[in-house]
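Here is a friendly note to read alongside the structure. Please keep the view open as you go through the points.

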Amino acid sequence: MNLPSARPLLGCIADDFTGATDLANMLVRGGMRTVQSIGIPSDEVAATLDADAIVIALKSRTVPAAQAVADSLAALEWLRAQGCEQIFFKYCSTFDSTAAGNIGQVSEALLKALDSDFTLACPAFPENGRTIFRGHLFVQDQLLNESGMQHHPLTAMTDANLVRVLQSQTTQKVGLLRYDTIAQGVSHVRERIAELRAQGIGMAIADALSDQDLHTLGSACSDLPLLTGGSGLALGLPDNFRRAGKLRDFDPASLPTVPGGEVVLAGSASIATNGQVAAWIEAGRPALRIDPLALAAGESVVADAVAFALSNPHTVLIYATSPADELKAVQQQLGAERAGELVENALGEIAQALRQAGVRRFVVAGGETSGAVVTALGVRLLQIGTQIDPGVPATLSNTAEPLALALKSGNFGGRDFFDKALKQLAGGAQ
């Protein structure tokens, strides 16, 4: 048996910040020492890393495809230099991207750079209601294009057929690895992959209806240089390294409690986050809505929000979340990209000002919002703690004065997520 390695085994590239945290959470649950970096780590930071898995969070989901490819290849080069044995490209469990990409383009570029001819694409996350049947993605009981994702302001998804969606973004031939093959076990999956490769297929959407399907896929793909998918596909990866004798014993410790003030910031327009905002307001808790039109007009929105938070004796929610019809009206006036940037920048500035005023615990809803907030706070590295809700762990920054953060994908979490997250950040693992 090989001795456990002190070098990272799994190198991960995530196309947004909350997706990276989601993946890191899954790997920690599987027993891998995991570090999340915001962008490619500096040489100084790299020298201090001690992890089985490294997750590099990029902001590449909605940027032009050429930039997403360049950023991802740079991350790949760094991860390979650290000695990572397998690469995982992580995107959202709703497979969302712009009309121009970038899932297919990035996957193709990584595949070529690794000198490989085949990879899987599987965004399934059954624990959060994302399943794939005959290549079609379901969110709970609804097809993706009927789940609310068709109204996403930046990455609207109007087609649930992932084979078709992926094929539109890559020159590789895209196939399907069906559920009936996966149900027969690891050996049958490997045989089917060999058949797909022989047919010249470079990428295959993999069905998955349960966690067991994801464990089967993970085991069957232990020898693939590249895997792509949602965090669910990572369920089976730690056991591959464990069976090979490469994984060190790991008991994830609770994160220390961070004293100081706290705030909830929400920029996501997803159905789940709308429900969480509504639950907060219905409970009579203080909340202030950010108006993109007021931001565009140059009004003192940021200063007013900071004053609102600091003058209130209770924890506040500052949000730009709105129902789809209201969001559409704003986008018609400002444009979707400008409206999003205005809100993200404002919430980042608010977070920065609140930190200067003593706030140390941040609950943030939305991938783009989380990216803006962690950037504004100067966070470069996160330690991953215990899970709050599926796909969302508590995290601790490596900044001189540590910050406790819960970075939530817009689509994740129950209606009471904000309250659960605040309690966990305030009390560690309590």
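The points below go from the whole chain to single residues.

1. Ground rules. This is a predicted model, in which local features need pLDDT of at least 70 and side-chain atom pairs count only at pLDDT 80 or more, while totals for chains, interfaces and linings use all residues. Residues are numbered from 1 along each chain as its sequence is written, and side-chain values use heavy atoms, with hydrogens and water left out.

2. Overall build. The protein chain holds 16 helices and 18 strands; helices here are DSSP runs of H or I with at least four residues, strands are runs of E with at least two, and both are numbered from the N terminus. Its radius of gyration is 21 Å, close to the 22 Å from the globule rule for 430 residues, so the chain is as compact as a globular protein of that length. That radius is taken over C-alpha atoms, and the rule is 2.2 Å times the number of residues to the power 0.38. Along the principal axes, the C-alpha atoms fill a box of roughly 65 × 45 × 35 Å.

3. Of the 430 residues in the protein chain, 58% count as buried, where buried means under 20% relative accessible area, exposed over 50%, and partly exposed in between (1.4 Å probe, protein chains only). The accessible surface of the protein chain is about 16,600 Å², with 50% of it belonging to carbon and sulfur atoms; the areas come from the Shrake-Rupley method with a 1.4 Å probe, and for residues only the protein chains shown count as cover.

4. Contacts along the chain. Take the contacts between residues at least 6 apart in sequence: 76% of them join residues at least 24 apart. A contact means heavy atoms within 4.5 Å.

5. Two annotated spans. UniProt, in an unreviewed entry, lists residues 10–236 as "domain: Four-carbon acid sugar kinase N-terminal". This span is 34% helix and 22% strand, and its end C-alpha atoms are 12 Å apart. From an unreviewed entry, too, comes "domain: Four-carbon acid sugar kinase nucleotide binding" for residues 263–418. Here the figures are 46% helix and 24% strand, with the end C-alpha atoms 10 Å apart. UniProt positions are given in the numbering used here, feature names are shortened, and annotations may be inferred rather than shown by experiment.

6. Helix α4 and what follows. Eight of the eleven residues of α4 are buried, among them I103, V106 and L110. After α4 comes D115, in the loop between α4 (103–113) and β5 (119–122). D115 is not a glycine, yet its phi is positive, about 55°. Is D115 buried or exposed? D115 is exposed, with a relative accessible area of 74%.

7. Another positive phi. R134, also a residue other than glycine, has phi near 50°. R134 sits in the loop between β6 (130–133) and β7 (136–139) and is partly exposed, at a relative accessible area of 40%.

8. A loop proline. P153 lies in the loop between β8 (142–143) and α5 (162–167) and counts as partly exposed, at 26% relative accessibility. Which residues does P153 contact, leaving aside its neighbours within four places in sequence? They are A269, L327, Q331 and A336. The C-alpha atoms of P153 and G340 are separated by 8.0 Å, although the two residues are 187 apart along the chain.
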